[in-house]
Amino acid sequence: NQAYVAWRRLPGGATNSIAFAKTEDGGDSWSAPVEISAPFFVIDQILGNDRVHSFPSMAVDKSSGKNRGNIYVVYAANDAHDGADVMLLRSNNGGKSFIGPVAITSRPGNDRAQWFPAVSVDDDTGRVFVHYYDQGIKDSGDLTNASYTFSDDGGKHWSPPLALNDRPFQAGWGNDAN
């Protein structure tokens, strides 16, 4: 009865970090929390979005593939000061250690914000999906896409970002379908 939990820590100032703990006995006892990310700069306020955060999202590969048991954690960090980039941490040893973080958005540090990431794993194929909002499609930042990327090799390589919506929408209040 293994279970995992990841959360955002607020060590102080304008930085956050991601922490992790696990249980082997269905929640009766938990491991000591460990920091799985270095401190990172918090997300900026994003044009047209009054709700931003750097909370992590986590998924576990339950497929029968070679990456079964891998743990994936994504969050938005602003170390490049471009709004935010989607960062990935992964563990291939049950959470004993994590690899990363790795920026998985299209042009980390060189575009507009990507935020609100969520990760999931297909139970049949083991394909890892990361979904997020993306304002990197236009320098002005007033257009937003719901985007995603995927990995078929346990998070080592990622597809180019793909749009989930038919067309970008205006980010500002009162515009389009935001």
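These legends walk through several close-up views of a predicted model.

**View 1**
Strand 6 (residues 71–77) runs antiparallel to strand 7, and seven bridges join the two. Among the residues to look for in this pairing is valine 74, whose bridge partner in strand 7 is leucine 88. Strand 7 also pairs with strand 8 (residues 99–103), again in the antiparallel sense, over three bridges. In that pairing, methionine 87 has alanine 103 of strand 8 as its bridge partner.

**View 1. Aromatic pairs.**
A search of the whole structure turns up eight aromatic pairs, and a few of them are picked out here. The ring centres of tryptophan 115 and phenylalanine 116 are 6.4 Å apart with planes at 55 degrees, so this pair is tilted. Tryptophan 115 counts as buried, at 2% relative accessibility. Phenylalanine 129 and phenylalanine 150 also form a tilted pair, with ring centres 6.3 Å apart and planes at 50 degrees. This pair links distant parts of the chain, since phenylalanine 129 belongs to strand 10 (residues 128–134) and phenylalanine 150 to strand 11, 21 residues apart. Elsewhere, ring pairs link Tyr4, Phe20 and Phe98 into a cluster.

Over its ring sits the charged end of arginine 127, 3.8 Å from the ring centre. Arginine 127 also forms a salt bridge with aspartate 152, where the closest N and O atoms are 2.7 Å apart. With a relative accessible area of 26%, arginine 127 is partly exposed.

**View 2. Two further salt bridges.**
The structure holds three salt bridges, and here are two of them. Arginine 9 and glutamate 35 meet through their side chains, with an N to O distance of 2.8 Å. This pair links distant parts of the chain: arginine 9 is in strand 1 (residues 3–12) and glutamate 35 in strand 3 (residues 34–35), 26 residues apart. Arginine 9 is partly exposed at 27% relative accessibility, and glutamate 35 is partly exposed at 42%. In the salt bridge between glutamate 24 and lysine 22, the closest N and O atoms are 3.8 Å apart.

**View 3. A polar contact at threonine 144.**
To finish, take a look at threonine 144, found in strand 11 (residues 143–151). Threonine 144 is buried, with a relative accessible area of 3%. The side chain of threonine 144 makes a polar contact of 3.2 Å with the side chain of glutamine 135.

How values were computed. Residues are numbered from 1 along each chain as its sequence is written. This is a predicted model: local features need pLDDT of at least 70, side-chain atom pairs count only at pLDDT 80 or more; totals for chains, interfaces and linings use all residues. Side-chain values use heavy atoms; hydrogens and water are left out. Two strands pair if DSSP finds at least two bridges between them. Helices (H or I, at least four residues) and strands (E, at least two) are DSSP runs, numbered from the N terminus. Buried means under 20% relative accessible area, exposed over 50%, partly exposed in between (1.4 Å probe, protein chains only). A polar contact is a pair of N or O atoms within 3.5 Å; within protein, one must be able to donate a hydrogen and the other to accept it, and residues adjacent in sequence count only if both atoms are side-chain atoms. Rings of Phe, Tyr and Trp (its six-membered ring) pair if their centres lie within 6.5 Å; planes under 30 degrees apart count as stacked, over 60 as edge-to-face and the rest as tilted. A charge sits over a ring if NZ of Lys or CZ of Arg is within 6 Å of the ring centre and within 35 degrees of the ring normal. A salt bridge is a side-chain nitrogen of Lys or Arg within 4 Å of a carboxyl oxygen of Asp or Glu.
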